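Visitor: Hi! Could you walk me through this one?
Guide: Happy to, let's bring it up.

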Amino acid sequence: MMLAGLFSQAIPITGAGRILLLLPLCLSIAIVYKTIRCPQPRQIPTAVLPLWITIVVAMYVIGALLWAVFNLLS
Amino acid sequence: MRAGKTILDIPAAAMLGWVFPGLGHLYLGHRVRGWIFLATITLTYWTGIAVGGVHGTIDPKEHPWWFVAQLCNGGHTSAAYLLRSTLEPAEFVTVTPAAHYGPQPVKPLVHYGHWLSIEIGTVYTAVAGLLNLLVILDAIVRADAALRAAPAGAHAGAPWSPG
């Protein structure tokens, strides 16, 4: 019942929370992609880190550009 | 590691992978990959449900295309939909940006969901579903490669063992 309570109500996300929530999502994408691609499972941890950083940096750059365009147009 | 390699391994791996992420890989004997997929996709999916709430996140009427992506995670989406039906509220209210900054009447037995939390939760669950689609395709490719590596007799459907 406690577990059901955890999933029944939404958690209010404000400020930095919405930006920080990108990190675990990108990490899971990097883990799944590299687990598929790496020939040996022991190569996965070292391959995940650069991909995770690349995705996060690229997403933040795109987000900052879109935010700048939005502010210019408004 | 499983001993038999048959033509039935391909649909079996795909089906098991759809029911639970990584189960197809575990069935094929790729234990490390299977457990990584199971842990990563399950955690991503239920983080999304926890952030957005099950009523706002799993909503086939409100956002049907996101629900299609969520359905790629068959077992988890079925469990979440069942949970949603079990916890069916008297009323579900989405707090929109305009309503969020104005006075918000709070009623008992109402599940409130902030629009931003619902959007983030929906994206998390849909991405988890699409990642599982990739995992299912990978399981199919691996089952097919194992079958091609097996002797010709195994293709007929008879179980093959390396002896």
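**Helix, contact and salt bridges**

Guide: Let's begin with helix α4 (residues 44–73) of chain A: at 1.5 Å a residue its 30 residues should span 44 Å, and the end C-alpha atoms are 43 Å apart, which agrees. The expected span here is 1.5 Å times one less than the number of residues. Helices (H or I, at least four residues) and strands (E, at least two) are DSSP runs, numbered from the N terminus.

Visitor: Before we go on, what should I know about the model and its numbering?
Guide: This is a predicted model, where local features need pLDDT of at least 70 and side-chain atom pairs count only at pLDDT 80 or more, while totals for chains, interfaces and linings use all residues. Residues are numbered from 1 along each chain as its sequence is written, chains are lettered from A and ligands numbered from 1 in the order in which they are written, and side-chain values use heavy atoms, with hydrogens and water left out.

Visitor: OK, back to that helix. Which residues of α4(A) are buried?
Guide: Ile44(A), Ala47(A), Val48(A) and Val56(A). Buried means under 20% relative accessible area, exposed means over 50%, and partly exposed is in between (1.4 Å probe, protein chains only).

Visitor: And what covers them?
Guide: The cover includes α3 of chain A together with α3 (31–52) of chain B.

Visitor: So let's talk about the two chains. How many residues does each give to the contact?
Guide: Chain A gives 25 residues and chain B gives 33 residues. Contact means heavy atoms within 4.5 Å.

Visitor: What area is buried there?
Guide: About 2400 Å² between chain A and chain B, with carbon and sulfur atoms giving 72% of that. Buried area is the accessible area (1.4 Å probe) that two parts lose on being put together, summed over both. In chain A, the residues that lose the most area to chain B are Phe7(A), Val32(A) and Ile36(A), together 26% of what that side buries.

Visitor: Which elements of chain A are on that side?
Guide: α1 (2–8) and α3 (22–37) of chain A are the elements that give two or more residues to the side touching chain B. The largest share, 8 residues, comes from α3(A). By type, the residues of that side divide into 19 nonpolar, 5 polar and 1 charged. In this scheme Ala, Val, Leu, Ile, Met, Phe, Trp, Tyr, Cys and Pro count as nonpolar, Asp, Glu, Lys and Arg as charged, and the others, Gly among them, as polar.

Visitor: How many salt bridges are there between the chains?
Guide: The count between chain A and chain B is 0. A salt bridge is a side-chain nitrogen of Lys or Arg within 4 Å of a carboxyl oxygen of Asp or Glu. There are 10 residue pairs in polar contact between chain A and chain B, both residues at pLDDT 80 or more. A polar contact is a pair of N or O atoms within 3.5 Å; within protein, one must be able to donate a hydrogen and the other to accept it, and residues adjacent in sequence count only if both atoms are side-chain atoms.

Visitor: Is Arg148(B) buried or exposed?
Guide: Exposed, at 62% relative accessibility. Asp144(B) is partly exposed, with a relative accessible area of 24%.
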